[in-house]
2 protein chains.
Amino acid sequence: MTEKEWIDFLKSYLFEDFPVLKSKNEDCAVIKLAERDYLLLTTDALVEQVHFQWEYTSFYDLGVKLAVSNLSDIAATGGIPNFALLTLGSSKPLETFWLEPFMEGLTSTLERYGTKLIGGDTVKSSVFFVNLVVMGRTKNPLLRKGAQVGDYIFVSRKLGESVAFLREIKKLPLEQIPENLKKAHLRPEPEIELGKELSYQELATSVIDISDGLLLDLWRICKENEVGAEIWKEKIPVGLYATLEEALSGGEDYALLFTVKEENLKKLENLGLRLNRTFFKIGKIIKEKKLYLLEGDLKREIKPLGFNHFEED
Amino acid sequence: MTEKEWIDFLKSYLFEDFPVLKSKNEDCAVIKLAERDYLLLTTDALVEQVHFQWEYTSFYDLGVKLAVSNLSDIAATGGIPNFALLTLGSSKPLETFWLEPFMEGLTSTLERYGTKLIGGDTVKSSVFFVNLVVMGRTKNPLLRKGAQVGDYIFVSRKLGESVAFLREIKKLPLEQIPENLKKAHLRPEPEIELGKELSYQELATSVIDISDGLLLDLWRICKENEVGAEIWKEKIPVGLYATLEEALSGGEDYALLFTVKEENLKKLENLGLRLNRTFFKIGKIIKEKKLYLLEGDLKREIKPLGFNHFEED
């Protein structure tokens, strides 16, 4: 069974009904508490030698990354995160020298986005893993569902730097790797503020966070809405020291990918000015259920390739 | 660092303030949403060869156990469980032959107590583990804090059968082990109904679920309230085929241990009649901060020994 087949299989067991607004296919489970009051829940785990390597991941960085991978799902749903629970599966003796930097990285990142760690569980395990649950709240949940033909496709920042780090670390010692790549991979930032604004101003018709690569995550939006997309090669914001290929298919960017109606383009521009941010308009939603890469007059179909945790090796 | 020291260390990072009523030392994190409206969150993981052995744990049983270990925390807090999120860390190819019974065991147990699985995450791992988060709600959270000198100590059912199963499985094939031991260890039941009644009727001054052994969990209640306890040897409800030692120190009973004021004993008796249940009055809260085991005129101090996942081997 591939990861995709498993997810389909898992979905057959998921409950979906009022008050659960939407959970299947979304970044968070969305539970309706009251009119314009939704609870968001998400969970993400990191496993040693699968999601990170000890050779270049400090305990502090691990704490940061665990927080960000979960906060990013809250961001993509337009939520304000508030509480978190940690599960620590440790193969190591519990000692301050590593627990302290790990907890500092985790809680300082959570707190920067207003999130409090309120509990958890510790278990012994022959593999080291950490699992976090983050809860959030929103008046207007952003969903993958909603993109329509003609909407413009945006990404919130440059792509490919996180995976470019993984390429470089195979060749170079950590201290020789460019700062922007280290930051992208080891200390990424979740788009909480942007998600909040997109939700509050009702600017986006659909949103996803890019955790498995631009093409794959864009394709998820397309499938959810039974549409396709064209993207414009020269508009893809390729990160410094990253390749176009890495920008298209690399994982763990934690940028937001969102679609916007033509009539809202001006409002989005104003938001960019206010936040001092550039959002990259990279393509358009189309009716035909395919992905196209456009380069000048050249148009070719592309496969939605990206990170697949169960098929990569 | 022992598990206890780690928990103390972890607590130094936990946030505790309004609207988090209580999280440190409690079975669930308790978040106040409004007057008489509290959200409960708990998480528990099971790791292969640590919390269960494949030789005698079917995938269905594993799903049941994961649900129960989390639901039991909601029960001990007097909550009604409603939603759950699953993290599956799999070392195995994702195949229907094991996923189906696992998911059936998990979701059928959750649903029996009104809980819907609404999302989750799947990761590759060289060790097989499952992590569940359960959310619940209550008007009146039951806490560990609250027991007072003179309160009577109750347990909700017979003890020791779960750990007696672990003793027997070393000697006998699964099919020769008595049904009550198999059920206690492989298909335990969470005390959701009892927790709900204790909460609704405000019958208990403090509650904990016995997951690490009667003595250890009783000692947690004592420490939380700066008191001690005496328990009466002949009143300990020792399960069939279990020993007194197993009833005192065995783990994973998932019974509730609770304290009741003298003036409420009659009400509790009525509750037992209504639910057709026997609750076992096993001792009393005392001022001296020690644990005593009483046998006739004999009174001896005992150490709060129990399951400690980090120290047992």
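Me: This is a predicted model. Which strand is joined to β7 (residues 152-155) of chain B by four bridges?
Reply: The two strands run antiparallel. The partner of β7(B) spans residues 256-260 of chain B. That strand is β10(B).

Me: Which residue of β10(B) stands opposite Ile153(B)?
Reply: Ile153(B) faces a residue in β10(B). β7(B) and β10(B) run antiparallel. The residue opposite Ile153(B) is Thr259(B).

Me: What is the strand order of the open sheet in chain B?
Reply: The sheet has seven strands, and its pairing is mixed. β8 (206-209) and β13 (298-301) of chain B each have a single partner strand, so one side of each lacks a neighbour in the sheet. Neighbouring strands are turned by 25° against each other on average, direction ignored. The order is β8-β10-β7-β11-β9-β12-β13.

Me: Which helix of chain B lies across β8 and β10 of chain B, at about 175° to β8(B)?
Reply: The helix covers residues 59-76 of chain B. Another helix, α7 (residues 214-225) of chain B, packs on the sheet and makes about 145° with β8(B). α7(B) touches β7, β8, β9, β10 and β12 of chain B. The helix at about 175° is α2(B).

Me: What distance separates the centres of domain 1 and domain 2 of chain A?
Reply: Domain 1 of chain A runs over 3-138, and domain 2 over 152-301. Their centres are taken over C-alpha atoms. The separation is 22 Å.

Me: Which element gives the most residues to the side of domain 1 of chain A that touches domain 2 of chain A?
Reply: On this side, 20 residues of domain 1 are in contact with 21 residues of domain 2. Two elements give two or more residues: α2 (59-76) and β4 (80-90) of chain A. One of them gives 10 residues, the most. That element is α2(A).

Me: How many residues on that side of domain 1 of chain A are nonpolar?
Reply: Six residues there are polar. Four are charged. The nonpolar residues number 10.

Note on methods: Residues numbered from 1 in each chain as written. Chains lettered and ligands numbered in written order. Predicted model: local features only at pLDDT ≥ 70, side-chain atom pairs only at ≥ 80, totals over all residues. Pairing = 2+ DSSP bridges. Axes fitted to C-alpha atoms, helices over the stretch in contact; angles between N-to-C directions. Contact = placed C-beta atoms within 7 Å. Domains from an automatic or database assignment. Nonpolar A, V, L, I, M, F, W, Y, C, P; charged D, E, K, R; others polar.
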